[in-house]
Every structure is written in C-alpha cells, then in structure tokens.
Amino acid sequence: MHGLGLSDHERSNVHKNTLYITERFRIGDKFISLLGEILANRPVDLLRIDPLQSFLGGDVSMVDVVTSFVQAGLNPLLQQYNFGCIICHHTPKTHRRDTTAWKASDWQYAGAGSAVLTNWARAIMVVDPCEGDPGLFRFIAAKRGGRIGWTDKHGAAANIRHFKHARESGVIFWEGATDDEIQSGTQKGLSENDILALLPESESVSKTVFIYDLNQKHGVGIKKVTSLVKKMLDKKKIFQSSRPRSGTRPEMMLSRFSVGDNVPE
C-alpha cells in the first residue's frame, strides 16, 4: 500500500475487502472443503492460493493428484461462486537448467510437476530471477501473453517486462526497472567452467579472439572476462603461450595445456 501511494480511504478499503487466511493443516480434499465453507459465507472476486504444493495433498508430478485438485476440486467452486483464482507455484530445482533458448511456449511448462497445470490454467506468468541482480526479475507472460497488453519502448507488442524489488527499506513492492538496471541485471554471469567449456581440448586459440567471444556470448564486460582469465592463468587452470608473428609482437595464445613457452600475463 505504501508503494502504491494509497490514501487513507483507499487503505481502509483494502483492509475491508481483503481476507487473509493462514492455513497450516488442511490439504487436498479437506482444503477444497475449507474453501467451499469460506466462499459460501463470503463471496470473493479473486482467490490466491500460495503456494500450491502446501495445499495440493500429493505429488505434483502425479496426473491424478493434480487433476483431482484443479478439475474436480477448484473448478466446481469457480463455476458456482464465479471468481478468479491465482495459483502460485514453484519451479523445480533450477541448477543445470539452461533456459537461454526457451520460447514462450517452453516457459508455460516451467512449473514443477504435471503438465495438467499448464493445460488447466487460462494464463501463466513466470517470474524469473536475473543473474546480474538478485532483486531484478523477468516477468514472462508465457501462456496467452498476447492478451496482456504489454509493449516495448518502441510500442511493439511484448510478453516480457522487468520488475525489481523496491529499494526502500521496509517496503514490499514491485517497481518497474529502468533501462540501465535491466541492462546491468540481465548480464549473464561467467564461471571458470564456462571458459573451460569453450577452450579446445587439443589446440591453442588466440587470447584476444577468445576473450571477445566470451564477451559476446555471455554479455560480460571485457574487463571482467580478462580478470577471470588472468585468475585461471595464475592458478594454472589454463595456460598462455606466444606465437611469433612477422613484423609485429607475438600473438598471445590460450590453451588447456602447457605448451612449454608460457609467458607472463
């Protein structure tokens, strides 16, 4: 409410029209029954269940478990009481998951477990953290994103926008990110494994060309790339050698192995 700049009257309406229930025990059919009891006594426009796996009552990867909850459980309530429902759901563990080539249709299936959820939901929004800034996130309108009405800075239709956690201490609020924050926060990280993966196993490559390629492929500044390469040279995880060139200084080469004529950085 602070982030939205609501007036005292608007804040009063928020408190009057918002019901927050902490439920720690009922899951599955018992949770659906609880919802039915609440809705019978207090009609709502919008219900938010957060997170799904705290209330599902079974393995989210099992089709019958998910189908029972959303199709047999939630759908009758949605129809009877005519309200909207937002379900908050987590992704599986994300380490080693490369999403760089994902399309919007792939992001629809980012949530953990059965694809029943994707088929059931009328629309799906994915919140994806950016590597360069822990407080910056991509909001991806993955399913029916064409209906969201977002546009880019050129006015063209878009299904991705960037938001950040409020920087003001004590304020819980999503704010639109600036162009500079987006550019800085979306730069991908670079690890020693990335460098090793791009170095050929049995030949040397031009150091200048290699650093430039890393800069282009990973969006990391030349200085950062150069610094990491130097650290790996110092630790002898990679090696540097010189290749003579006619009429000019020798070309610095990088490899996974010692060539025998290593030169200082």
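Two remarks on how the values were made. The model is predicted, so local features need pLDDT of at least 70 and side-chain atom pairs count only at pLDDT 80 or more, while totals for chains, interfaces and linings use all residues. Residues are numbered from 1 along each chain as its sequence is written, and side-chain values use heavy atoms, with hydrogens and water left out.

I start with the strands. Helices (H or I, at least four residues) and strands (E, at least two) are DSSP runs, numbered from the N terminus. Two strands pair if DSSP finds at least two bridges between them. In general, strands of a sheet pair through backbone hydrogen bonds, either parallel or antiparallel.

Strand S1, residues 46-49, and strand S2, residues 84-87, run parallel and are joined by four bridges. Opposite Arg 48 stands Ile 86 in S2. Between S1 and S2 the chain passes through helix H3, residues 63-81, and this β-α-β crossover is right-handed. Right-handed here means that, with the strands pointing away from the viewer, the path from the first strand over the helix to the second runs clockwise.

Next, helix H2. H2 has 14 residues and reaches 21 Å from its first C-alpha to its last, close to the 20 Å expected at 1.5 Å a residue. The expected span is 1.5 Å times one less than the number of residues. Which parts do the buried residues of H2 pack against? They pack against S1 and H3, where contact means heavy atoms within 4.5 Å. Among these buried residues are Phe 31, Ile 32 and Leu 35. Buried means under 20% relative accessible area, exposed over 50%, and partly exposed in between, with a 1.4 Å probe and protein chains only.

Now the sheets. Phe 139 has Arg 161 in S5 as its bridge partner.

A further open sheet has three strands in the order S7-S9-S8, also with antiparallel pairing. Its edge strands are S7 (205-206) and S8 (239-245), and each pairs on one side only. S8 and strand S9, residues 248-255, pair over six bridges. Arg 245 stands opposite Thr 248 in S9.

Last, the rings. Rings of Phe, Tyr and Trp (its six-membered ring) pair if their centres lie within 6.5 Å; planes under 30 degrees apart count as stacked, over 60 as edge-to-face and the rest as tilted. How many aromatic pairs does the structure hold? It holds seven. Phe 31 and Phe 69 are stacked, at 6.2 Å centre to centre and 10 degrees between the planes. Phe 31 is in H2 and Phe 69 in H3, 38 residues apart. Both Phe 31 and Phe 69 are buried.

Phe 139 and Trp 174 are edge-to-face, at 5.0 Å centre to centre and 85 degrees between the planes. Phe 139 lies in S4 and Trp 174 in S6, so this pair ties together parts that are 35 residues apart in sequence. Is Phe 139 buried or exposed? Phe 139 counts as buried because its relative accessibility is 13%. Trp 174, with a relative accessible area of 38%, is partly exposed. Ring pairs link Phe 139 and Trp 174 with Phe 137, Trp 150 and Phe 163 into a cluster.
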